[in-house]
Amino acid sequence: ARTGPFAAVDLGASSGRVLLGRPVDGRLVLREAHRFDNRPVRVHGTLHWDALGLYRGVLDGLRAAAALTRGEGGPASVGIDTWGVDFGLLDGDGALLGNPVHYRDTRTEGMADEVEKVLPARELYRLTGLQQLPINTLYQVAAARHTEGFAAARQMLLMPDLLSYWLTGVAGTETTIASTTQFLDPRTRRWSPRAAAAVGLDTGLFPPLRDAGDPAGALLPEVLAETGLDGPVPVTAVGAHDTASAVVGVPAEGDRFAYISTGTWSLAGVELPSPVLTEESRLANFANELGVDGTVRYLRNIMGLWLLQECLREWRADEVPGTEDLTGLLEAAARAPGLRSVVDAGSPAFLAPGGMPERIADACRSTGQPVPRDPAETTRCVLDSLALAHRQVIAQAERLSGREVETVHIVGGGARNALLCRLTADACGRPVVAGPVEATACGNLLVQARSAGAVRGGLGELRALVRTSLPPLRYPPGGEGTTAWERAAARLAP
Ligand code: LFR
């Protein structure tokens with residue numbers, strides 16, 4: 001067995017990080033090697049990811065990891081996860097054809113209606129079980145299929161697979177990230193030819209599928225030279241979709257739990273052994289995303305802290321007083337009147353960047369609720385709205401899947417937002433268990449450690465290790481009880 005340290009590369013929509021971890025005496029010991037910004041770039045009206053800039057961040061991270069682990073023989077393996085749905089196209093020489101387009105770009109507008117004409121949403125859901133969101137790879141392909149770039153493409157690589165390919169020269173498609181495309185059948189865990197045909201996609205553009213835990217090549221000599229690592233350094237496929245890795249890192253006991261993976265998005269749901277593909281589930285817009293070890297994440301996407309991030313971006317650009325310091329703003333939000341106005345935090349109306357404080361004010365106005373008067377009240381409105389959406393999604397997940405929920409776990413960046421955790425506990429009427437903030441990196445590291453033989457067991461054992469290593473915080477439900485939340489929900493009912 002190789003005992004580590006292992007290196008987790010975790011890229012989110014607003015930042016990337018490289019963490020080192022190794023199991024020591026039944027605990028996972030983490031160290032941060034590097035952190036960098038992820039800033040999208042608009043060119044001639046199209047929003048892109050700066051793919052090479054992100055790759056540079058990964059190389060910087062590996063260089064920092066090399067320096068930190070010199071005395072331990074360097075990292076025993078590297079694993080990569082990123083956000084879902086986005087992809088790069090390669091030509092016949094393996095060169096990237098243009099910068100990957102950001103899922104928040106407006107090119108997918110109207111695509112659901114186009115696809116509907118060929119393959120009704122009802123049928124598409126039975127085939128792929130995914131939430132209908134404009135960001136899905138399927139709708140992006142529908143928008144891009146007639147471009148020159150697409151015609152020239154010989155290979156299509158999802159973001160984590162693209163980075164992995166650059167590091168190793170080996171191309172593969174990891175299953176959990178593949179399940180965010182809306183081209184995968186969650187029952188067979190293989191491509192759905194009918195879903196692909198609906199947008200004229202040849203799934204042969206994707207390299208072969210591989211599972212979390214599988215070997216995924218080794219760092220190329222040029223990467224070793226560039227980062228100061230000594231080879232060979234294997235790359236291991238992990239839950240390459242960040243949400244898949246995050247749910248591995250949920251410190252739950254047993255199976256009566258819901259999770260909320262919080263960051264730019266809130267992903268709320270339950271873990272199941274098999275997908276729920278009923279018509280009722282489709283109408284509730286639930287996704288069946290594939291998880292590590294044959295699991296299914298039955299969840300719905302909620303706009304998440306994006307709403308607050310975008311408000312902050314705007315306020316700070318305008319130098320609005322009281323918004324410089326996030327801690328102070330959250331304290332003011334905690335003192336602001338609760339449930340004064342709420343918005344539908346599940347609505348794709350909030351997907352695009354820009355003008356967020358005004359868009360929130362408009363949403364309050366159009367539902368006959370008071371408009372927030374200052375940043376503290378807007379922040380409170382956002383957090384109340386997120387807690388309300390968490391409540392609604394978890395209640396629906398429970399009902400549609402039959403899985404009982406006793407505890408609600410919050411992992412990711414939102415776990416350090418005490419107000420969000422408390423409001424979610426109040427709204428759900430259940431205890432919230434918060435942390436770890438770095439659940440995604442934990443899940444990434446543990447899958448590598450297990451493949452190397454450094455830890456053993458199923459998800460239960462991996463989660464127990466997270467629990468003892470990074471003890472979570474408990475928020476008991478309180479407040480005015482759940483009827484106040486039901487009344488707030490009624491204000492949003494059509
Ligand atoms: C979270 C996430 C979500 C996915 C969204 C877009 O980071 O991966 O799971 O729906 O980003 O890719």
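**A tour in the viewer**

Start by selecting residues 258–451, which an unreviewed UniProt entry annotates as "domain: Carbohydrate kinase FGGY C-terminal". UniProt positions follow the numbering used here, feature names are shortened, and annotations may be inferred rather than shown by experiment. Residues are counted from 1 along each chain as its sequence is written. The model is predicted: local features need pLDDT of at least 70, side-chain atom pairs count only at pLDDT 80 or more, and totals for chains, interfaces and linings use all residues.

Residues 258–451 are 46% helix and 16% strand, with end C-alpha atoms 27 Å apart. Helices (H or I, at least four residues) and strands (E, at least two) are DSSP runs, numbered from the N terminus.

**A helix pair**

Now pick helix α15 (residues 375–401) and helix α16 (residues 418–428). Their axes come within 8 Å and cross at roughly 40 degrees. Axes are lines fitted to C-alpha atoms, for helices over the stretch in contact, and angles run from 0 to 180 degrees between N-to-C directions. α15 and α16 are therefore oblique to each other. Angles under 35 degrees count as roughly parallel, over 145 as roughly antiparallel, 65 to 115 as roughly perpendicular, and the rest as oblique.

Show the side chains next. On α15, the contacting residues include L383, L386 and R391. On α16, they include L419, L423 and D426. Contact means C-beta atoms, placed from the backbone, within 7 Å. By class, the contact of α15 with α16 has 10 nonpolar, two polar and three charged residues. Ala, Val, Leu, Ile, Met, Phe, Trp, Tyr, Cys and Pro count as nonpolar, Asp, Glu, Lys and Arg as charged, and the others, Gly among them, as polar.

P436 sits in the loop between β20 (432–434) and α17 (439–451).

Switch to residues 8–249, annotated in the unreviewed UniProt entry as "domain: Carbohydrate kinase FGGY N-terminal". This span is 33% helix and 25% strand, and its end C-alpha atoms are 13 Å apart. Select G231 and P232: a cis peptide bond joins them, omega about -10 degrees. P232 is in the loop between α9 (221–227) and β14 (234–236).

**The ligand**

Finish at the ligand, which 15 residues surround (C-beta atom, placed from the backbone, within 6 Å). The closest are W83, G84, V85, T243 and W265. The shell divides into seven nonpolar, seven polar and one charged. Click V85, in the loop between β6 (77–82) and β7 (87–90). Its phi is positive, near 65 degrees. Most residues other than glycine have a negative phi.

Conventions
Contact = placed C-beta atoms within 7 Å.
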